[in-house]
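Subject: Handing over a structure

Hi,

Please open it first, then read on below.

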Amino acid sequence: MKYAFPDNFWWGSASSALQTEGAREGETTWDYWFAREPNRFHNGVGPQQTSTFYQHWKTDIQLLKQLNHNSFRTSISWARLIPDGIGEVNPDAVDFYHQVIDELNEQGITPFITLFHFDMPMAMQEIGGWENRDVVDAYARYAQICFELFGDRVLHWFTFNEPIVPVEGGYLYDFHYPNVVDFRRAATVAYHTVLAHAKAVQAYRAGHYAGEIGIVLNLTPSYPRSQNPADVKAAHVADLMFNRSFLDPVLRGEYPADLVALLKSYDQLPACKPEDGFLIAEGKIDLLGINYYQPRRVKCRDSAVNPQAPFMPEWFFDSYEMPGRKMNPYRGWEIYAPGIYDILINLRDNYGNPRCFISENGMGVENEQRFIENGQINDQYRIEFISEHLTWLHKGISEGCNCLGYHMWTFIDNWSWCNAYKNRYGFIQLDLETQQRTIKKSGEWFATTALNNSFEKE
């Protein structure tokens, strides 16, 4: 069967500054943490050892062209542009980003630019990071500078990538710096991130730029174990905390009332100012990026909560391992392609069918060298993964969902937070020793699909 996509559909991939560029003048939380606890990083590989986009941007953009990308998302590094977060702008960084943006446009590849992709300048973290409203103001200034510098040639801006992840990783579950376990501080970080987002949107609107501004959220549909009311309620709470805590403010301009009531009843609400509500309402977006990797399956708790334990989302649900689920064993994530359709239908039916696109979707596999045939990685598993997700995406579009594109994570094997190069995600294989780039089978498949704006599947 042939699956054809709408005209001008965005075909591309996504990456980030910190994961591809390499060393920068301004220190980030990642640089700081790695210098102190390299043991927390896979094989002791830190954020300096990336895919060297800072040196190879021109040839890498040629590879994007070869993959028939018509669009590509990456981020600007706040710490590269403004090393201390608030002071002088680094002219070398300005030149670099000018060159990248100009080259993308020249090659017919529309740049999609994210302002914050997990890489907090250490100078900002030292004064509290997102817990401090001064950092919110510093970020708004940084956003404004980016719009002024690049807003004439970048028409698709995103304030944050997966803003729930620094909340979970840094302030709940101890997998990102600053390794805090404290729900109320996590709630403050999430709340101030929404305020920072809204301030950037305000600045963009005030500048009357030609493009549009949005945010990229990782949406994990919450599926209850059963239709038992206790399981359904557990899934609802998980959805409130992990999806709707950002989805509702950016699409509806307000928080879900039941989330506010729940946190209030446990005395976990962040400190709010009277004018915040107006600001959040101003932060409604033009375009939603959706990162989808896996579903969240939950059931009601089987045991009582330890009242002495830190307050956690898991006070309200347990995770549920559905029998027969399909797994990516390398990442420990379930593969569930219909989830992409369920997200789009939810947006269509409950959020006014916003303009959106799939901004990330991908499959990380360990030790891909096993699959080299005639000098090329034959990653048929990745082709199957993409085509399954595209099939469900196509179904959503055919049922009226306003989805405008599909970006894969990622175009080249890159450094991944604490996992370094353990799992490879790229269309292009990266040899870490030589920095040689080799297109995988999936890259060829994607290039053909993008060129034809369609693919065939039995």
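Which residues of helix 7 are buried? Before the answer, please keep in mind that this is a predicted model. The buried ones are V135, V136, A138, Y139, A140, Y142, A143, I145, C146, F147 and F150. An α-helix has 3.6 residues a turn, so residues three or four places apart point the same way.

Helix 7 itself covers residues 133–150, which makes 18 residues. From first C-alpha to last, helix 7 reaches 26 Å, close to the 26 Å expected at 1.5 Å a residue. Its buried residues pack against several partners: helix 4 (78–81), helix 5 (91–106), helix 6 (122–125), helix 9, strand 5 (156–161) and strand 6 (212–218).

Next, the cores. The largest nonpolar core holds 138 residues, and those touching the most other members are W78, W130, Y139, W157, L288, L393 and Y406. Helix 9 (residues 183–206) gives this core its largest share, 14 residues. Another core, of 6 residues, lies apart from it and includes W10, F112, F158 and L287.

Now for the empty space. Rolling a probe the size of a water molecule over the atoms shows where empty space is left. The largest pocket has a volume of about 1200 Å³. It is lined by 40 residues, with E168, F175, Q294, R331 and W333 the closest to its centre. Helix 8 (164–171), strand 9 (296–299) and strand 12 (333–334) are the elements that give two or more residues to this lining. Sorted by class, the pocket lining has 18 nonpolar, 12 polar and 10 charged residues.

The largest cavity has a volume of about 160 Å³. Of its 15 lining residues, T29, F118, M120, P166 and Y177 lie nearest the centre. Helix 2 (29–36) and helix 8 each supply at least two residues of that lining, which divides into 11 nonpolar, 4 polar and no charged residues. The second largest cavity, with a volume of about 50 Å³, has a lining that includes R331, W333, E334 and Y425. Here the division is 6 nonpolar, 3 polar and 2 charged.

Two single residues are also worth a click. Y336 sits in the loop between strand 12 and helix 13 (338–350). Its relative accessibility is 24%, so Y336 counts as partly exposed. Not counting residues up to four places away in sequence, Y336 touches Y223, Y292, P295, R297, D342 and H389. Y336 and D302 are 34 residues apart in sequence, and their C-alpha atoms are 25 Å apart in space.

The other is T449, in helix 15 (residues 441–452). Is T449 buried or exposed? T449 counts as buried because its relative accessibility is 2%. Leaving aside neighbours within four places in sequence, T449 is in contact with W11, S454 and F455.

Enjoy exploring!

Best wishes

Conventions: Residues are numbered from 1 along each chain as its sequence is written. This is a predicted model: local features need pLDDT of at least 70, side-chain atom pairs count only at pLDDT 80 or more; totals for chains, interfaces and linings use all residues. Side-chain values use heavy atoms; hydrogens and water are left out. A nonpolar core is a set of buried Ala, Val, Leu, Ile, Met, Phe, Trp, Tyr and Cys residues joined through side-chain atoms within 4.5 Å. Buried means under 20% relative accessible area, exposed over 50%, partly exposed in between (1.4 Å probe, protein chains only). Helices (H or I, at least four residues) and strands (E, at least two) are DSSP runs, numbered from the N terminus. On a 1 Å grid over the protein atoms alone, a cavity is a set of points where a 1.4 Å probe fits but cannot get out, and a pocket is an open set with protein on both sides within 12 Å along at least five of seven lines; lining residues have an atom within 4 Å of a point. Grid points are joined across faces, edges and corners, and a volume is the space filled by probe spheres set on the points. Ala, Val, Leu, Ile, Met, Phe, Trp, Tyr, Cys and Pro count as nonpolar, Asp, Glu, Lys and Arg as charged, and the others, Gly among them, as polar. Contact means heavy atoms within 4.5 Å. The expected span of a helix is 1.5 Å times one less than its number of residues.
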